[in-house]
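Open the model in your viewer and keep the sequence panel beside it. The tour below moves from one selection to the next.

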Amino acid sequence: MVQQYQSPVRVYKQPFELIMAAYARRFPKCPLIPVFVDSEILSQSESKDGSVVVTERRCTIDVEAPRLLKRIAGVEYLYFIQKNTLNRRDRTLRIEVHNETFSSRVIVRECCSYTVHPENEDWTCFEQTASLDIKSFFGFESTAEKIAMKQYAGSIKKGKEIIEYHLRELEEEGVTHIPRWMAPVEGGLLSAVPVSGAADGLPGKDLANPTELLTSSNDDKLDADYIRRYLGDLTPLQESCLIRLRQWLQETHKGKIPKDQHVLRFLKARDFNMDKAREFLCQSLTWRKQHQVDFLLDTWERPQLLQDYYTGGWHHHDRDGRPLYVLRLGQMDTKGLVRALGEEVLLRQVLSINEEGLKRCEENTRLFGRPIRCWTCLVDLEGLNMRHLWRPGVKALLRIIEVVEANYPETLGRLLILRAPRVFPVLWTLVSPLIDENTRKKFLVYAGRDYQGPGGLVDYIDREIIPDFLGGDCLCDVPEGGAVPKSLYRTAEELENEENCLLTDSIYKSASIFKGAPYEVLIEITEASSVITWDFDVCKGDVLFNIYHSKRAPQPQKKDSLGAHGIASLGAANAQLIDKNWVLGKDYSMVEKALTCREGESVQGSHVTRWPGFYILQWRFHSSAASAASSLPRVDDVLATLQVSSHKCKIMYYTEVLGSHDFRGSMTSLESCQSGFSQLSAATTSSSRSCASSTVSR
């Protein structure tokens, strides 16, 4: 594999001729570069007018490698050929280096250039590209590559230090200006720089870290000072990755080029692996273009419901200058927001927060004069209880986390979780698998009032901006939250027909239940002790809810005799899974007591499976009259259903299966999960008892 390197543009605030005089002092040897043992001139030529001087020399390098490796390779020193081309007229120096030793096994290429700064002719720019390709090296290819990369990285910064050292020497000697080269006059040459100093390259850079030669256009170059000021301290190889990825985007990407800070985040998220970061970034750029995320802050208007009930907002900054986002999760009605707005709106809210965070990071970078690449999030869990473990809400949260992790990496600098209750470990068990490991390391959790003591909140946030609801004196402009009125909930049809642009599908499904034609959902369980969870709302009519188990796979019933005579069968609309010839207690069994659910009720519960096999969740039409024991539709029932619209129920439901290996040890909490914001009746309490009875069967 070819290892590549490209430097940013390093600027010397001295004219080209003075830099050349300092550069000439590096030869024939440089004590400041211990590995650069010596050099000898092989050839030197000059143009007729003296404007161009070409010097070729052999450089001797003592690579810091294990003694054993040197003995196996049979060499003490490595030799490189360096060709320097000085153009005094154009004020440029081009340096080309390749290896002479092991040239059949290892290919090293390096190209450096000194040029005049495009905006200030009294400044000098330096750029460097390199490549290393180890084809074979006595079975030690990986070791040799690591040694080379390490030494080369160490020598890159050394180059600028050496130039600056020799510039100080010249200043001490009284040399602060060297006139520019002038064209020859009457056979004489008015050359400002002696030939002996014009040919020297950068042999002091060991073969240790070469990378591939790359050329870049003027508009994609990054200045080293800009990188330090706006992006932070990066190693030479990290700088190289950033420049090469940025250059690749400019050459291949047709859309909007992301800012350097954003590109750097994707590199950091993939540990500066170029190939992985490029793939990661391209997927995100495609997603941003597809959903017009770049215009989200300008085009999206937050619904009033969000402004009233979404308990989060920006609040000053932390001690490091990072924007601070406060989220009072314990006061948020997650179920109410999902039911009233849908996942799509909540996701857009979260994306707008992230987009605003990127914008605030840029503003704080300018404000504080140092790179601010991420933000701090303070999450207050006061009020968090089992209602927040409402499974559809958790499912929506997990899907939102997936989108954020895929498109906003390395944006969270620190997450302060305050007043964590006992139920928090259960929520953490559900959420943490989808959070990147590096992100999880940034979480700090405080239970009770631990955040008020040493090592608490004041270590990260100035005391004068601690929010009032945490005992501080600063007013925090975050909504109080509370229960979203059920009158604002969207109907089953609205949620089901919601246009999910950013998400692939909706959490909820709706179903109609007719008299004599129950609605059934088949769930296959392969591992005992798995957990079936459900959450449903009865939108119209009353229903009976049952759970059955069968060891054999049910087959949807074929069209009945009514259908054969041209009469529409409601049983065909709701495919019946329980065969009419099955006998209860023999072919299938009831695993939970039947539950009567009234119109307008919200029901949640879970069942811990005792056996593998097939489980059937069944909702049946329920009337005040005693229901028939048989599950088969009668002719009278079907005809009545066709004529009387009141013989129809409607539910909106959600089901999920949880693997026992993921949730063992926390099932008691999960089984008692109910929505505290719903106006639950005795039916929900009965559902809770149903869950408890399931626990016994474990």
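**Start at a helix end**

Select Gly342. This glycine lies just after α10 and takes a positive phi of about 90°. The model is a predicted one.

Now step back into the helix. How many residues of α10 (residues 334-341) are buried? Eight of its eight are, so the helix is mostly covered by the under 20% relative accessible area cut-off. The buried set includes Lys335 and Arg339, along with Leu337, Val338 and Leu341.

**Zoom out**

Show the whole chain. The protein has 21 helices and 23 strands. Of its 698 residues, 53% count as buried. The accessible surface comes to about 32700 Å², and carbon and sulfur atoms hold 50% of that. Among contacts with a separation of 6 or more, 78% join residues 24 or more positions apart.

**The five-strand sheet**

Select β11 to β15. They form an open sheet in the order β11-β12-β13-β14-β15, with mixed pairing. Why is one side of β11 (312-317) and of β15 (443-447) left without a neighbour in the sheet? Both stand at the edges with a single partner strand each, so one side of each has no neighbour there. From one strand to the next, the twist averages 20°.

Keep β12 (residues 323-327) and β13 (residues 375-380). These two pair in the parallel sense over four bridges. Pick Tyr325: its bridge partner in β13 is Cys377.

**The largest nonpolar core**

Which members of the largest nonpolar core touch the most other members? Select Tyr310, Leu337 and Leu381, from a core of 54 residues. Elements giving two or more residues to this core include α9 (304-309), α12 (391-407), β14 (412-420) and α13 (424-431). α10 and α11 are also among them. The most comes from α11, with eight residues.

Centre on Tyr310. Leaving aside residues up to four places away in sequence, Tyr310 touches Arg302, Leu305, Tyr325, Leu327, Met332, Leu337, Gln349, Val350, Ile353 and Pro479. Two of these names have come up already: Tyr325 is the bridge partner of Cys377, and Leu337 is a buried residue of α10.

A second, separate core has 39 residues. Val63, Leu86, Leu93 and Ile95 are included in it. Follow Leu93 and Ile95 to the next stop.

Select β6 (residues 92-99) and show side chains. In a regular strand the side chains alternate between the two faces of the sheet. Here Leu93, Ile95, Val97 and Asn99 point to one face and are buried.

β5 and β6 pair in the antiparallel sense over eight bridges. Across the pair, Lys83 stands opposite Glu96.

β7 pairs with β6 in the antiparallel sense over six bridges. His98 stands opposite Arg109 in β7.

Which residue takes a positive phi in the hairpin of β6 and β7? Select Phe102, whose phi is near 55°. This hairpin has six residues between its strands.

How values were computed:
Residues are numbered from 1 along each chain as its sequence is written. This is a predicted model: local features need pLDDT of at least 70, side-chain atom pairs count only at pLDDT 80 or more; totals for chains, interfaces and linings use all residues. Side-chain values use heavy atoms; hydrogens and water are left out. Buried means under 20% relative accessible area, exposed over 50%, partly exposed in between (1.4 Å probe, protein chains only). Two strands pair if DSSP finds at least two bridges between them. Contact means heavy atoms within 4.5 Å. Accessible areas come from the Shrake-Rupley method with a 1.4 Å probe; for residues, only the protein chains shown count as cover. Axes are lines fitted to C-alpha atoms, for helices over the stretch in contact, and angles run from 0 to 180 degrees between N-to-C directions. A nonpolar core is a set of buried Ala, Val, Leu, Ile, Met, Phe, Trp, Tyr and Cys residues joined through side-chain atoms within 4.5 Å.
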